[in-house]
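Welcome, and thanks for taking a look. Please open the structure below and keep it beside you while you read.

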Amino acid sequence: MMKYVCTVCNYIYNPEEGDPDGGIAPGTAFEDIPDDWVCPVCGAGKEDFEPLDD
């Protein structure tokens with residue numbers, strides 16, 4: 001699964017880890033995260049993330 005990076009603070013969403021504090025279970029693809037989810041570091045919206053090229 002592809003990782004995504006926050007364009008505001010450079011937080012990397014790793015689908016293997018999810019975002020347990022934000023209610024996102026490990027193994028959740030970025031596309032499957034609810035649209036109202038926000039970056040756990042800076043609070044940016046999902047629209048501020050872009051695919052991360054490994």
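Here is a short briefing, grouped by topic.

This is a predicted model, in which local features need pLDDT of at least 70, side-chain atom pairs count only at pLDDT 80 or more, and totals for chains, interfaces and linings use all residues. Residues are numbered from 1 along each chain as its sequence is written, and side-chain values use heavy atoms, with hydrogens and water left out.

**Overall layout**

- The protein has zero helices and three strands, in the order β-β-β from the N terminus on. Helices (H or I, at least four residues) and strands (E, at least two) are DSSP runs, numbered from the N terminus.
- With a radius of gyration of 10 Å, close to the 10 Å from the globule rule for 54 residues, the protein is as compact as a globular protein of that length. The radius is taken over C-alpha atoms, and the rule is 2.2 Å times the number of residues to the power 0.38.
- The C-alpha trace spans about 25 × 25 × 15 Å along its principal axes.
- Of the contacts in the protein with a separation of 6 or more, 45% are between residues 24 or more positions apart. Contact means heavy atoms within 4.5 Å.

**Surface and core**

- Buried residues account for 37% of the 54 residues. Buried means under 20% relative accessible area, exposed over 50%, and partly exposed in between (1.4 Å probe, protein chains only).
- The largest nonpolar core has 11 residues, among them Y4, Y11, F30, W37 and F49. Such a core is a set of buried Ala, Val, Leu, Ile, Met, Phe, Trp, Tyr and Cys residues joined through side-chain atoms within 4.5 Å.
- In soluble globular proteins, nonpolar side chains tend to be buried together.
- Y4, a member of this core, touches residues including Y11, Y13, F30 and F49, not counting those up to four places away in sequence.

**Charged residues**

- The count comes to one salt bridge, a term for a side-chain nitrogen of Lys or Arg within 4 Å of a carboxyl oxygen of Asp or Glu.
- In that bridge the side chains of D35 and K46 meet at 3.7 Å, N to O. The pair links distant parts of the chain, 11 residues apart, with D35 and K46 each in the loop between β2 and β3.
- D35 is exposed, with a relative accessible area of 67%, whereas K46 is buried at 12%.
- D19 lies in the loop between β2 (12-13) and β3 (49-51). D19 is buried yet has no salt bridge, and K46, the nearest side chain of opposite charge, is 12 Å away. Here Lys and Arg count as positive and Asp and Glu as negative; His and the chain ends are not counted.
- Leaving aside neighbours within four places in sequence, D19 contacts Y13, I24, W37 and P40.

**A backbone angle to look at**

- N10 sits in the loop between β1 (4-6) and β2 and is exposed, at 58% relative accessibility.
- Most residues other than glycine have a negative phi. N10 has a positive phi of about 70 degrees although it is not a glycine.

- L52 lies in the segment after β3 and is partly exposed, with a relative accessible area of 23%.
- Leaving aside neighbours within four places in sequence, L52 contacts M2, K3, Y4, V5 and I12.
- M2 is in the segment before β1 and is partly exposed, at 44% relative accessible area. Beyond its neighbours within four places in sequence, M2 contacts P15, P51 and L52.
- A29, in the loop between β2 and β3, is buried with a relative accessible area of 13%. Its C-alpha atom is 6.6 Å from that of M1, 28 residues away along the chain.
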